Amino acid sequence: MPYEEIRRMVMEVDEDQLTEPMIQNLVKHLPEQEKLNALVRFKSEYANLSEPEQFGVVMSGVKHLRPRLNSILFKLQFEEQVNNLRPDIMAVNAACDEMRKSKPFSRLLELILLMGNYMNAGSRNAQSFGFNLSSLCKLKDTKSTDQKSTLLHFLVEICEEKFPEVLKFIDDLQHVDQASRVSAENLEKSLRQMEKHLLQLETNLGTFSSTDQQDLFHKKMAISFLALFLLRQK
C-alpha cells in the first residue's frame with residue numbers, strides 16, 4: 001500500500017480501510033515524534049531514503065500522530081469492549097436487584113440476625129441492627145458442641161420446620177450464580193481503562209485542530225465521542 005494512502009486513511013479516519021491490527025502495528029513500531037520531526041529535513045532527498053525513512057517522512061506530516069492513532073484504535077475497539085463487559089455488568093445488576101427485592105431472602109437475613117443476637121446475649125454485640133454479608137460464610141464454621149452439625153444446619157432445620165416460605169428465596173435469585181463468577185476487580189479495571197481513554201479522547205478533541213481539509217479527525221471523532229459518551233451513560 002502506498003505510504004500516502006496510509007497517511008490519507010489515518011487523516012480521514014477511514015474505518016472502511018483501517019483495521020485494529022494495522023493501527024496496533026503502527027503504534028507499536030512508530031518512532032518517537034522527535035525522530036519523525038528530524039526526518040522532515042530529508043524530504044527533498046526522498047528518493048534516496050530507505051523505505052522506513054520514506055514512510056517516516058510521509059507520516060511525519062500528520063500532527064499528533066501517536067495520540068491520534070491511539071484514539072482511533074480505542075474507537076475501533078470500543079463496541080467489542082462494551083459487548084464483552086455488558087453481560088457481566090447486567091448479571092451483577094440483576095443479582096443485586098433480585099437480592100434487594102426478594103422478601104424470602106430478606107426474611108432469611110432477619111432470622112440470621114435474630115439467631116446472632118440470641119447467641120450474643122449479654123455481650124457488646126447483643127441487639128445488633130445488622131451484620132456484614134461476609135458473616136454469612138461463618139454460618140458453616142460455627143459448630144455445635146459435638147462438632148457434628150453447624151449453625152447453617154440449624155438454620156436450615158428451623159426454616160424447614162417453622163418458616164418453609166423462606167426456603168423459596170433461591171427461586172428469586174436467578175442471576176446470583178452468574179454474578180458470583182464475575183471478577184469485580186477485573187471489571188472495575190476495565191471500566192477505569194475505558195474511562196481513561198474517553199477522557200483522553202475528549203482532551204484530544206479539544207487540542208487537535210487543523211486547517212488541512214483532508215484532516216477529518218475532529219469531525220469524525222467528535223461525533224463518535226458523543227455516541228460513546230451516551231453509550232457509557234446507559
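In this predicted model, the protein exposes about 16000 Å² of surface, and carbon and sulfur atoms supply 54% of that area. As for what is tucked away, 29% of the 234 residues of the protein count as buried.

The overall dimensions come next. Along the principal axes, the C-alpha atoms fill a box of roughly 90 × 30 × 30 Å. The radius of gyration of the protein comes out at 30 Å, whereas a compact globule of 234 residues would have one near 17 Å.

The secondary structure is simple to list: the protein has eleven helices and zero strands. Reading along the sequence gives the pattern α-α-α-α-α-α-α-α-α-α-α. As for how the chain meets itself, take the contacts with a sequence separation of 6 or more: 71% of them are accounted for by residues 24 or more positions apart.

On the charge side, the protein carries 30 positive and 33 negative charges.

Arg7 has a relative accessibility of 15%, and because the cut-off for buried is under 20%, Arg7 counts as buried. Leaving aside residues up to four places away in sequence, Arg7 touches Val58, Met59, Gly61 and Val62, and also Asp212 and Gln214.

Technical notes: Residues numbered from 1 in each chain as written. Predicted model: local features only at pLDDT ≥ 70, side-chain atom pairs only at ≥ 80, totals over all residues. Heavy atoms only, no water. Helix = DSSP H or I, 4+ residues; strand = E, 2+ residues; numbered from the N terminus. Rg over C-alpha atoms; globule rule 2.2 N^0.38 Å. Buried < 20%, exposed > 50% of the residue type's maximum accessible area, 1.4 Å probe, protein only. Contact = heavy atoms within 4.5 Å. Areas by Shrake-Rupley, 256 points an atom, 1.4 Å probe, with all protein chains shown as cover. Lys, Arg positive; Asp, Glu negative; His and termini not counted. Charge placed at Lys NZ, Arg CZ, Asp CG, Glu CD.
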